[in-house]
Amino acid sequence: MLAKVVSKDGKLMAEITRPKSCENCSKCYGSDEKRLCELPEGDWKLGETVDIELALMNPAKVSALSYGIPLLGLVLFVAVASWLGLSDVWQAIFAFIGLAVSFVILRLVDQRARRKGRFQTVCSRCEKEVVHNG
């Protein structure tokens, strides 16, 4: 991923622009379009482009949590309503309750992960960008 070297509070940082593939997800960047990442020690020059590698949470794991927990909540609550012999209307109500409960669980998991710094953008490798002419 390419980033531009900028100065923030007298310190050189890599300014990363959110990739197109990440437009619909807000886990790593939040609602920001750009993110600052601390550069490791090196001979960096203001304004130069660098190639960085980010240590981020596995996107497959994030997707599994984001889609799997609500699906599990919906199916589980509908199964309980069906097992109790409730009517279709009550099963639909239970489905919505299951979704609501699963979104609360997701919110708690997200808050806990943010407190532990799991969604922090960390520059794990950084090199000067090599420009090829021709």
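Biologist: What makes E1 and E2 a hairpin?
Modeller: Two residues lie between E1 and E2, and Asp 9 in that turn has a positive phi of about 55°. The two are strands (E runs in DSSP of at least two residues, numbered from the N terminus, as helices are from H or I runs of at least four). E1 and E2 pair in the antiparallel sense over six bridges; pairing needs at least two DSSP bridges. Ser 7 has Leu 12 in E2 as its bridge partner.

Biologist: What are the sources and limits here?
Modeller: This is a predicted model: local features need pLDDT of at least 70, side-chain atom pairs count only at pLDDT 80 or more, and totals for chains, interfaces and linings use all residues. Residues are numbered from 1 along each chain as its sequence is written, and side-chain values use heavy atoms, leaving out hydrogens and water.

Biologist: Why is Ile 105 called partly exposed?
Modeller: Buried means under 20% relative accessible area, exposed over 50%, partly exposed in between (1.4 Å probe, protein chains only). Ile 105 has 38% relative accessibility, so it counts as partly exposed. Ile 105 lies in H2.

Biologist: Which residues of H2 are buried?
Modeller: Among them are Phe 94, Gly 98, Ser 102, Leu 106 and Asp 110. Residues three or four places apart in an α-helix point the same way, because there are 3.6 residues a turn.
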